[in-house]
Amino acid sequence: MIEWGEEVPIIPNFSYPMSRQTSTMTISLPEDLKQFVKKRSLTAHYGTPSDYIRGLIREDLKRLEQERLEQELLKGLRSGKGIPMTQEAWKQLRTEAASRIRAKRSS
């Protein structure tokens with residue numbers, strides 16, 4: 001069984017603009033990777049190499065959160081404990097989903 005070994009921050013919306021308050025982190029890359037990042041930041045419509053790197057980090061965060069969610073779901077399935085899905089439970093689930101969709105569309 002795989003245990004989740006690191007804490008991943010849950011970021012509800014990955015398309016948010018970056019905060020204006022940033023800090024600097026210096027990384028060292030071989031010249032070929034440096035050139036790749038520069039070219040990729042242009043061809044993938046990122047403003048700067050930093051935007052490209054931030055995008056990669058956001059994608060990694062999404063992937064880690066998805067893995068954590070999958071592990072939690074598997075843990076729940078393996079536990080044998082579940083919620084009986086009655087007609088009322090399905091109705092409540094549909095109502096909540098519709099409410100979230102409406103809220104997302106109006107924002």
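Is Leu-33 buried, partly exposed or exposed? I looked it up: Leu-33 is partly exposed, with a relative accessible area of 41%. My cut-offs are under 20% for buried, over 50% for exposed and partly exposed in between, with a 1.4 Å probe and protein chains only.

Ground rules for this notebook: I'm working from a predicted model, where local features need pLDDT of at least 70, side-chain atom pairs count only at pLDDT 80 or more, and totals for chains, interfaces and linings use all residues. Numbering starts from 1 along each chain as its sequence is written, and side-chain values use heavy atoms, with hydrogens and water left out.

Next I checked where Leu-33 sits: helix H1, residues 31-43 (helices are DSSP runs of H or I, at least four residues, numbered from the N terminus).

Then the salt bridges (a side-chain nitrogen of Lys or Arg within 4 Å of a carboxyl oxygen of Asp or Glu). I get 7 of them in the structure.

Arg-63 comes out at 40% relative accessible area and Asp-60 at 34%, both partly exposed. Asp-60 and Arg-63 are also linked with Glu-67 in a salt-bridge network.

Also in helix H2, I looked at Arg-68 and Glu-65, 3 residues apart; their salt bridge is 2.7 Å, N to O. Arg-68 is partly exposed at 21%, while Glu-65 is buried at 16%.

Conventions:
Helices (H or I, at least four residues) and strands (E, at least two) are DSSP runs, numbered from the N terminus.
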